[in-house]
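Work through the exercises below with the sequence and the coordinates open. Each task is followed by its solution in steps.

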Amino acid sequence: MKYYLLNILQIFLYKNFRGWGRKKTGRFARWCHRTFGGSLTLLEDGFIRSVNLGIEGSPSFSIVEDNIGIYYDATSPSKLEHILNTYDFASNAKLMKDAAKAMELIRKHHISKYNNAPLVDKSFLARYGMDSANEKRILIIAQTAGDASLEYGMARQFSTTDMIESALEENPDAKLYLKVHPDVLSGKKGSDIDIAYAKKHCTLIEENINPISLLKHFSKVYTKTSGMGFEALIVGCECVCFGMPYYAGWGVTTDKVTCSRRTRPRSVEEIFAAAYILYTLYYNPYQKRESDIFDTINEIVKQRDMV
């Protein structure tokens, strides 16, 4: 309601329209901008959001503000895509050093978008038959129906079954696992998973678990548009995309679709620097101060350890 009222007022004031991504407030802001001119800024949570889930009221550490589009919509340009197409990363040694340091901290402290899930331990590995050190394991990351990144990430022509079939064909010597979203298992959200087919070919991971901690036990992942696919790249996995998330189309993923606007080969470190540092704004909600990625990671570790 806040952004609807703000945008209605802006029609008569400065015409600075704002809203959330491709949600209703974002669509209304875009309509106002097309109709009345002025400026448009679309918002979304950052890639490291909070200690717990937003739906449970956990305060946010980060936000992105985009005056071109929004990062998960591959059907049109975005500020993040523009950065990746144009920024001279080679000339900014400090930025790249910060990116490498932040990625190492993410691996060390298992930092993800949400940071409430338990880490993989010996009992988890035994429960899912993952305690063999020499086994090649492939993870298929399923998403929920209605995920905006699926609608706008050029992934609607593929199903989870397509990913499973491709993984079977391309990795005949590997053991396949399917990470099922907890909201699908609980019945809160839908999915395109054919459970009978999936169980025939994959071991289903049916519980909430820290993504970074889980990904360290896999060599390759298959996803449509999940942010977990980029976390897989951070920990050193190969990533196959059946859609066009923000990190695809730059040469670090195997892509089943293409985006002609993405014209530059980029490294994982450069994509990280663009998305997590240049594109994202940070605020420490516990200390009530402007923040950066390092303060955010440190605060999440401290708050998580207090739980």
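**Exercise 1.** How many residues does helix 4 have, and what distance does it reach from its first C-alpha to its last?

Solution. The model is a predicted one. Step 1: count the residues of helix 4, which gives 17. Step 2: take the expected span at 1.5 Å a residue, which is 24 Å. Step 3: compare this with the span in the model; helix 4 reaches 24 Å, close to the expected value.

**Exercise 2.** Which residues of helix 4 are buried, and what covers them?

Solution. Step 1: apply the cut-off, under 20% relative accessible area for a buried residue. Step 2: list the residues of helix 4 that pass, namely Leu-95, Met-96, Asp-98, Ala-99, Ala-102, Met-103, Leu-105 and Ile-106. Step 3: relate the list to helix geometry. An α-helix has 3.6 residues a turn, so residues three or four places apart point the same way. Step 4: find the cover of these buried residues, which includes helix 10 (211–215), helix 11 (228–235), helix 12 and helix 13.

**Exercise 3.** Repeat the analysis for helix 3 (residues 79–86).

Solution. Step 1: the buried residues of helix 3 are Leu-80, Glu-81, Ile-83, Leu-84 and Asn-85. Step 2: among the elements that cover them are strand 3 and helix 12 (268–278).

**Exercise 4.** Is His-110 buried or exposed, and is Lys-288 buried or exposed?

Solution. Step 1: locate the residues. Lys-288 sits in the loop between strand 10 and strand 11. Step 2: read phi. The angle is near 55° for His-110 and near 55° for Lys-288, a positive value in each case. Most residues other than glycine have a negative phi. Step 3: check accessibility. His-110 has a relative accessible area of 14% and is therefore buried, whereas Lys-288, at 61%, is exposed.

**Exercise 5.** In what order do the five strands of the open sheet lie?

Solution. Step 1: the order is 1-2-3-10-11, with mixed pairing. Step 2: strand 1 (16–20) and strand 11 (289–291) are the edges, each pairing on one side only. Step 3: neighbouring strands of this sheet are turned by 30° against each other on average, direction ignored. Step 4: take one pair. Strand 3 (residues 62–66) and strand 10 (residues 280–284) run antiparallel and are joined by three bridges; Ile-63 has Leu-281 as its bridge partner in strand 10. Helix 13 (residues 293–306) lies across strand 10 and strand 11, at about 45° to strand 10.

Notes:
Residues numbered from 1 in each chain as written. Predicted model: local features only at pLDDT ≥ 70, side-chain atom pairs only at ≥ 80, totals over all residues. Heavy atoms only, no water. Pairing = 2+ DSSP bridges. Helix = DSSP H or I, 4+ residues; strand = E, 2+ residues; numbered from the N terminus. Axes fitted to C-alpha atoms, helices over the stretch in contact; angles between N-to-C directions. Contact = heavy atoms within 4.5 Å. Buried < 20%, exposed > 50% of the residue type's maximum accessible area, 1.4 Å probe, protein only. Expected span 1.5 Å × (residues − 1).
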